[in-house]
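Here is a quick walk through the model you have open. Keep the 3D view handy as you read.

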Amino acid sequence: MSLRPPEPILHVDLDAFYASVAILKDPSLKGKPVIVGGTGARGVVTSASYEARRYGVHSAMPSVRARRLCPDGIFLPPDFDAYRTHSNRFREVLLAHTPLVEPISLDEAFLDVGGAVLLFGSPAAIAKKIRRDVAREVGVTCSVGIAPTKFVAKLASDGCKPDGLLHVRAGEVASFLEPLPVGRLWGVGEKTGELLGRLAIRTVGDLGRTPVTILERLLGEAAASHLAQLARGIDDRPVVPYEQPKSIGHEETFDRDLDEEEEILRELLALSGRVAARLREDGYRSRTITLKVRLANFTTLTRSRTQSDPTDLGADLHRIASELYKGLPGSKRRVRLLGVQAGGLVSASAQQLALLRTGRWDDVERTVDRIERRFGPGATSPASLLRRTPRR
């Protein structure tokens, strides 16, 4: 006999995660408009507390606009080490309830609790327990959506923020989706929204009532079929417990344009070191290195190189990124943003023989890892970075 409930999918989303962690570190910030990111003139908001959101501040907003909207906002730089620490605690809470946890980012995940009801009770009971455990173990609030599918569960958690719980039962999916703006559907961006608006399709209900043949003429067969199914709440994707990351990268936007090659290469060294440290921490090596350069006129250039031997060393990443930069067309350029990305990831455990080929520099970088784990990030760095001025 199957005891699987009709609404086995949970979407758990930590509320204003980066801002909430900042408040945990400094409780005097509680109740104030905290804005993470955007500390420089060209910065972008990463997260905002709900006090800041009342002024219209939201993630991905340029910091200049955020300062205009919220002049009393408290702008703080990101602290990704703290975020990872709290995210790991969050993941442990979820895994204590079911092994079927699909992380989406540091602060959200899908769960399939269909096999956990005998142990923990109904999905609603599990969701309530998770919310209590997250508050106790992580120190922040979360919002949980419960639904028959991943898509509806995600919409439910969005609809009950902050610090809420919303259970969309199988028989209520249509009425739940009906009034939502069509832009809430996955795959409906600005351009698709404009196309649908020409047919007066403004809500999910409008879309569901539109014949698929009309949508196909407007959007194409694949997109029309995808949106028509979502409008009816159909989403057969399972919760995937683990998926290897496709890449690990870091990028930085500078307060002023960089135009000296020596300075640019020094910034690439810092980025390469951060990416390599993440590779080693997560247990991967990379075959493909990608350089991203955004110029002052917002033109974005990307170059990649794939090598036969994977690496997790900052020295290797920096050498390749530097060569890619020097190979860009032209000689005079002003750089607004730099990024280094490591792709083509392979498990480090499968590449132990590479240790015999990397020489002593491998030992140097791993020693740096141990020093920073003991004394904190930035405890040691390449001598050439001592002249580097913080720019974020």
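## Ground rules

Two residues are in contact, or touch, when they have heavy atoms within 4.5 Å of each other. This is a predicted model, where local features need pLDDT of at least 70, side-chain atom pairs count only at pLDDT 80 or more, and totals for chains, interfaces and linings use all residues. Residues are numbered from 1 along each chain as its sequence is written, and side-chain values use heavy atoms, with hydrogens and water left out.

## The chain overall

The protein chain has 16 helices and 12 strands, taken as DSSP runs numbered from the N terminus (helices are H or I, at least four residues; strands are E, at least two). Of its 392 residues, 45% count as buried. Buried here means under 20% relative accessible area, exposed means over 50%, and partly exposed is in between, with a 1.4 Å probe and protein chains only.

Among contacts with a separation of 6 or more, 66% link residues 24 or more positions apart. The accessible surface comes to about 20200 Å², and carbon and sulfur atoms hold 53% of that; the areas come from the Shrake-Rupley method with a 1.4 Å probe, and for residues only the protein chains shown count as cover.

The average pLDDT, the predictor's confidence in each residue from 0 to 100, is 89 for the protein chain, and 88% of the residues score at least 70. Watch residues 353-358, though: pLDDT stays under 50 there, and the model gives this stretch 6 contacts beyond four places in sequence. Where pLDDT is low, the predicted coordinates should not be read in detail.

Leucine 271 is buried, with a relative accessible area of 1%. Not counting residues up to four places away in sequence, leucine 271 touches His250, Glu251, Glu252, Leu338, Gly339 and Val340. Leucine 338 is 67 residues from leucine 271 in sequence, yet their C-alpha atoms are 8.4 Å apart.

Helix H4 (residues 80-95) carries histidine 86, which is buried at a relative accessible area of 10%. Beyond its neighbours within four places in sequence, histidine 86 is in contact with Phe17, Val21, Leu24 and Val138. Among the buried residues of H14 are Leu317, His318 and Tyr325.

Most residues other than glycine have a negative phi, and most peptide bonds are trans. Which bond is cis, then? A cis peptide bond joins lysine 161 and proline 162, with omega about -5°. Proline 162 is found in the loop between helix H7 (150-159) and strand E8 (165-167).

Two alanines have a positive phi: alanine 60, near 75°, and alanine 200, near 60°. Alanine 60 sits in the loop between H2 and helix H3 (63-69) and is exposed, with a relative accessible area of 57%. Alanine 200 is in the loop between helix H9 (190-197) and helix H10 (204-209), where its relative accessible area of 41% makes it partly exposed.
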